[in-house]
Amino acid sequence: MTAGRVRGQNDCTPIGDLGTHPHVHERIRDLTMDVTLGRDGTVSTTQTFTLGVAGIAVRRGPLLNYLTAFQGPGGLILLNELHVERVLKDGEPEPFRVETGDGFVSIYIGSSEKVLEPGEYHYLVEYRSASDWRQSGGTFSAAIDVSGPFPLLPINDSTVHVRLPEGVGFTDLSCSVNGFEMGGTEPGYESVFKGNEIIVKTTRALSENRNFFINFTWPSGGFSDQSQWIKVMKQHPRIPLCAFSAVLLLWALVTLLARGLNRAPVAVRNAG
């Protein structure tokens with residue numbers, strides 16, 4: 001999740017670990033995404049999906065990519081500090097490694113020493129991140145790129161569940177879904193509001209070239225202060241240092257000027 005669109009990096013990286021055209025049985029199905037927004041500004045996400053493996057596009061496990069950069073105060077680029085908590089395959093802990101790129105995080109799932117047998121595997125990925133929401137007046141806005149982080153494989157079906165704190169309701173919701181495997185006139189998704197929760201489901205299979213974005217807004221009242229200046233000081237330490245240096249320089253100039261003004265009357269009296 002991020003303010004504005006969250007873009008996966010799979011359009012810039014190979015499918016799985018080979019970069020070849022997928023086999024007909026290599027698909028993603030039963031994709032679910034459960035997102036919980038906390039009043040303290042934390043975002044907890046659980047993703048589950050079943051991956052069909054045929055040894056062509058995916059051999060050791062899926063490669064997932066998440067955008068972590070967003071625009072902060074003054075146009076500065078900040079990171080949402082995404083942290084992967086666990087990865088499971090068929091209910092058991094699965095090895096993974098995380099690589100940090102320029103504004104995104106890549107999660108390589110699976111062992112480099114083990115090739116998956118053809119078949120279907122059920123994965124669970126849990127991660128947490130700090131808020132990167134946009135604030136305008138008394139409203140927060142955010143977006144979720146549902147399909148972007150995943151390998152470029154067809155997605156049979158997907159469901160997204162977004163949950164706000166108790167007593168907080170959504171003020172707006174919009175979805176953008178395209179890249180269906182087969183044509184149709186309906187939007188391709190359906191949404192349901194349940195108090196502080198929304199559920200969005202696709203109604204048609206998506207091809208490997210697809211987009212699925214969810215945008216929503218909610219009142220900012222009751223949430224912790226969302227000032228991003230703490231992130232600025234942590235991620236751009238030179239900026240506070242430069243500001244401090246500028247203050248010291250200004251103080252030194254003012255001190256020198258004051259001393260010069262104090263000496264001027266003495267010089268005049270001596271001359272008289």
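How many aromatic pairs does the count come to?

Modeller: The model is a predicted one. The count comes to nine aromatic pairs. Let us take one of them. The rings of phenylalanine 170 and phenylalanine 193 have centres 6.4 Å apart, and their planes meet at 70 degrees. Planes over 60 degrees apart count as edge-to-face, so this pair is edge-to-face. The pair links distant parts of the chain. Phenylalanine 170 is in the loop between strand S13 (158-163) and strand S14 (172-180). Phenylalanine 193 is in strand S15 (residues 189-194).

Phenylalanine 170 has a relative accessible area of 13%. Buried means under 20%, so phenylalanine 170 is buried. Phenylalanine 193 has 47% and is partly exposed.

Phenylalanine 170 also forms an aromatic pair with phenylalanine 216. Here the distance is 5.7 Å centre to centre, with 80 degrees between the planes. This pair is edge-to-face. Phenylalanine 216 lies in strand S17 (residues 206-219), while phenylalanine 170 lies in the loop between S13 and S14, so the pair ties together parts that are 46 residues apart in sequence. Both phenylalanine 170 and phenylalanine 216 are buried.

Step back to the group. One aromatic cluster is formed by Trp133, Phe140, Phe170, Phe193, Phe216 and Trp218. Two of these names come up again in the nonpolar core. The largest nonpolar core has 49 residues, and Phe49, Ile214, Phe216 and Trp218 touch the most other members. In soluble globular proteins, nonpolar side chains tend to be buried together. Take isoleucine 214 from that list. Leaving out residues up to four places away in sequence, isoleucine 214 touches Ala142, Ala143, Ile144, Val146, Val160, Leu173, Ser174, Cys175 and Val200.

Strand S12 (residues 139-145) is mostly covered, with five of its seven residues buried. S12 pairs with S17 in the antiparallel sense over seven bridges. Within that pairing, threonine 139 stands opposite proline 219 in S17. S12 also pairs with strand S11 (residues 134-136), in the antiparallel sense over three bridges. There, arginine 134 has serine 141 in S12 as its bridge partner. The hairpin of S11 and S12 has two residues between the strands. In that hairpin, glycine 137 takes a positive phi near 65 degrees.

An open sheet of eight strands runs in the order S7-S6-S10-S2-S1-S13-S16-S15, with mixed pairing. S7 and S15 are the edge strands, each pairing on one side only. S15 pairs with S16 in the antiparallel sense over six bridges. Glutamate 190 stands opposite lysine 201 in S16.

Threonine 202 is found in S16 too, a strand of residues 197-202. Is threonine 202 buried or exposed? With a relative accessible area of 12%, threonine 202 is buried. Its side chain reaches the backbone nitrogen of serine 158 at 3.0 Å. Leaving aside neighbours within four places in sequence, threonine 202 is in contact with Asp157, Ser158, Gly188, Tyr189 and Phe212.

Arginine 204 lies over the face of phenylalanine 180, at 3.8 Å from the ring centre. The charged end of arginine 97 sits over the ring of tyrosine 108, 4.0 Å from its centre.

Two residues elsewhere are worth a look for their backbone angles. Most residues other than glycine have a negative phi. Aspartate 30 has a positive phi, near 55 degrees. Aspartate 30 lies in strand S1 (residues 28-37), and at 32% relative accessibility it counts as partly exposed. Aspartate 90 also has a positive phi near 55 degrees. Aspartate 90 has its place in the loop between strand S6 (83-89) and strand S7 (92-93), and is partly exposed at 45%.

Last, the whole protein. It has two helices and 17 strands. Buried residues make up 43% of its 272 residues. Of the contacts with a separation of 6 or more, 78% are between residues 24 or more positions apart.

Key
Residues numbered from 1 in each chain as written. Heavy atoms only, no water. Phe/Tyr/Trp six-rings, centres within 6.5 Å; stacked < 30°, edge-to-face > 60°. Helix = DSSP H or I, 4+ residues; strand = E, 2+ residues; numbered from the N terminus. Buried < 20%, exposed > 50% of the residue type's maximum accessible area, 1.4 Å probe, protein only. Lys NZ or Arg CZ within 6 Å of the ring centre and 35° of its normal. Core = buried A, V, L, I, M, F, W, Y, C linked by side-chain atoms within 4.5 Å. Contact = heavy atoms within 4.5 Å. Polar contact = N/O pair within 3.5 Å; in protein donor to acceptor, adjacent residues only side chain to side chain. Pairing = 2+ DSSP bridges.
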